[in-house]
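Visitor: Could you take me in for a close look at the surface, and then show me around from there? I'm new to this one, so please spell out the terms as you go.

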Amino acid sequence: SHFSQYGSFGWNKVNIGKQTMTPMTSSTSRMNLEDEECNTLLTPEKRKIANKSLPEIRRRVSPAVAKETKTKDSFKKEKGFRVFYHKMQNWIRRIFYCAVVFLFGVVFLFGMGLVLVTKDEKVLEKRKVITRDYSGISSISDLTLEGVNHRCLFGDNKWCSCEDPVKPVSRVGRAHWLKAHNSNVEEAINAKGDIDVVFLGDSITEGWLDRSYGMTRKGSTEDHSLIFESLFTIKGGAKFEGMPLGISDDTSPNLLWRIQNGEIPSHLNPSVWWLLIGASDFVSKGCSEEMTLIGILRVVEELRSIRPYATVVINGILPTTYDKDGYLDKGGERGEPVLWDKIQRVNTQLRKYSKNREGVRYFDSGDTFLIGNVGEKRIDRLLMKDFWHPTSFGYQEWGRRIAGFLTNIMKD
């Protein structure tokens, strides 16, 4: 037998013995020649030769087919490389774009940070300044808002509800506030015997009687009224008689309104007016240091005008903080400001004012509630659990110091 081929794309004639087979002209069909059909046409001896030579026959049947197959394989490899190359290009392009955007973002944020830091430094520098020297104040008319460059704690005039500290402001409309005020008026009118000292203020002053907005605190396990009775009443064994007149969350303008509207009746003439006010101006209203200072001085000058022969004791604003651990040099977790440095600036001005103002004394008791070394001062939770209002232990320690100070004043 022999095998012959005519043309690359023509038909092939394969003679095996005396039989002739004409395959289909399609090169693909020739390549798909089934082994079973070949075995049927071949004798046993020739079948062995054919079986051994079949791969070679398939390679030699059509060089064009072999070339086409090779071309397809090469194309697949080339196509795979191109796909991989394009994917790598896309990934490199994306990484490049992301890097450019990131760099622009960093530059932008850095620039904005410089602007904000510069602005904050200017605002902080502005806030640190109390524009006037208030140590020479001697009358109500000396207190004005002229020259005050910011009303709010954060150095602006918008983001706070700070009231005019020179004018009286009521809280009529606030639940129970008017009722608490009327209760104070009634107690002042019905005061029997000689009152030696009247305590004026906010929630800390009202806390002496275990009350809030004129109502007894429900569920309280502490009894501050017994402490007050033992320290500031003749009945409790003290050397003088005292009476607290406070309402929770009151600011200086609120206290001024109360004074002008019945809480100091004509027959109430104690030797000492003990004043503790100003914390709510910071915390509740967001007032600046200077606005808070003016409000406190306005109340003092009001007392001096209506009771010129009495002594007014300004109790420095007690320490308070938003920090959950009571540290004075830290703010709150939600961005609340550090208050102690602002409180100290107000207290410093109050001390200077008291030295020059006749009939006015300053009492500093802030260190009573503090523990820790310098730079790490914090409020003792045992004495001030919420870092604002004294506990029973806090009232006890603070009250003892007040009683000692009052004793010295009464001797004078």
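Guide: Let's start with a nonpolar patch on the surface, made up of Phe84, Met88 and Ile92. Together these three have about 310 Å² of accessible area (Shrake-Rupley method, 1.4 Å probe, with only the protein chains shown counting as cover for residues). To join a patch, a residue needs over 30% relative accessible area and no salt bridge; nonpolar side chains (Val, Leu, Ile, Met, Phe, Trp, Tyr) are joined within 5 Å, like charges within 9 Å. Keep in mind that this is a predicted model, where local features need pLDDT of at least 70 and side-chain atom pairs 80 or more, while totals for chains, interfaces and linings use all residues. Numbering runs from 1 along each chain as its sequence is written, and side-chain values use heavy atoms, with hydrogens and water left out.

Stay with Met88 for a moment: you'll find it in helix 4, residues 63-127 (helices are DSSP runs of H or I, at least four residues, strands are E runs of at least two, and both are numbered from the N terminus). Met88 counts as partly exposed because its relative accessibility is 38% (buried is under 20%, exposed over 50%, partly exposed in between, with a 1.4 Å probe and protein chains only).

Ile371 is another partly exposed residue, at 30%, and its place is in strand 11, residues 370-371. Tyr327 is 44 residues away from Ile371 in sequence, yet their C-alpha atoms are 9.6 Å apart in space.

Now for the charged side chains. The count comes to 15 salt bridges, each being a side-chain nitrogen of Lys or Arg within 4 Å of a carboxyl oxygen of Asp or Glu.

One of them pairs Lys324 with Asp325 at 3.3 Å, N to O. Lys324 is partly exposed at 48%, and Asp325 is partly exposed too, at 37%.

Another links Glu397 and Arg400 at 3.5 Å. These two sit three residues apart in helix 12 (residues 392-411), so about one helical turn separates them. Glu397 is partly exposed, with a relative accessible area of 34%, and Arg400 is partly exposed at 48%.

There's also a network: salt bridges that share partners join Arg171, Asp250, Arg258 and Glu263. Within that group, the side chains of Glu263 and Arg258 meet at 2.8 Å, N to O. Here both partners are tucked away: Glu263 is buried at 1% relative accessible area, and Arg258 is buried at 0%.
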